[in-house]
Amino acid sequence: MPRLTEYKDMNPRAKAVVEGIAAARNIDPSAINNVWKAMARHPAVMEQFAAEMKEAFAPGKLDPLTKELVYLAVSIANQ
């Protein structure tokens, strides 16, 4: 399992990604999920993944809740 980086210990680029996600979800940045904490050591990867997630969760044929449930199911299946 990758080492997780807490928000307070992230570099500025990683913090910027987390802050953007936290603002969009109206949560405290320190409460971000472990996916982002695992990627925090690689800010370029984080930025790309955040952009892809934003595009995937944009309005489309599936509602946002269904997209979240698919994301969650795939995450669980992949451990």
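1. Contact here means heavy atoms within 4.5 Å. On that basis, and leaving aside neighbours within four places in sequence, Lys37 is in contact with Arg3, Leu4, Thr5, Glu6, Met10, Ser30 and Ile32.

2. A note on the basis. This is a predicted model, in which local features need pLDDT of at least 70 and side-chain atom pairs count only at pLDDT 80 or more, while totals for chains, interfaces and linings use all residues. Residues are numbered from 1 along each chain as its sequence is written, and side-chain values use heavy atoms, with hydrogens and water left out.

3. Lys37 sits in helix 2. Helices are DSSP runs (H or I, at least four residues), numbered from the N terminus. Lys37 is buried at 9% relative accessible area. The classes are buried under 20%, exposed over 50% and partly exposed in between (1.4 Å probe, protein chains only).

4. The structure holds four salt bridges. The criterion is a side-chain nitrogen of Lys or Arg within 4 Å of a carboxyl oxygen of Asp or Glu. One of them joins the side chains of Lys37 and Glu6, at 3.1 Å from N to O. Lys37 belongs to helix 2 (residues 34–39) and Glu6 to the segment before helix 1, so the pair ties together parts 31 residues apart in sequence. Glu6 is partly exposed, at 35% relative accessibility.

5. Glu68 and Arg25 also meet through their side chains in a salt bridge, 3.0 Å from N to O. This pair links distant parts of the chain: Glu68 is in helix 4 (residues 64–77), Arg25 is in helix 1, and 43 residues separate them. Glu68 is partly exposed at 29%. Arg25 is partly exposed at 41%.

6. Lys8 forms a salt bridge with Asp9; their closest N and O atoms are 3.2 Å apart. Both residues, Lys8 and Asp9, are exposed.

7. Now the largest pocket. Its volume is about 340 Å³. A pocket is an open set of points on a 1 Å grid over the protein atoms alone, where a 1.4 Å probe fits, with protein on both sides within 12 Å along at least five of seven lines. Points are joined across faces, edges and corners, and the volume is the space filled by probe spheres set on them.

8. The lining of the largest pocket counts 13 residues, with Ile21, Ala24, Ala50, Met53 and Lys54 nearest the centre. Helix 1 (12–25) and helix 3 (43–56) are the elements giving two or more residues to this lining. Lining residues have an atom within 4 Å of a point.

9. By class, this lining has eight nonpolar, one polar and four charged residues. Ala, Val, Leu, Ile, Met, Phe, Trp, Tyr, Cys and Pro count as nonpolar, Asp, Glu, Lys and Arg as charged, and the others, Gly among them, as polar.
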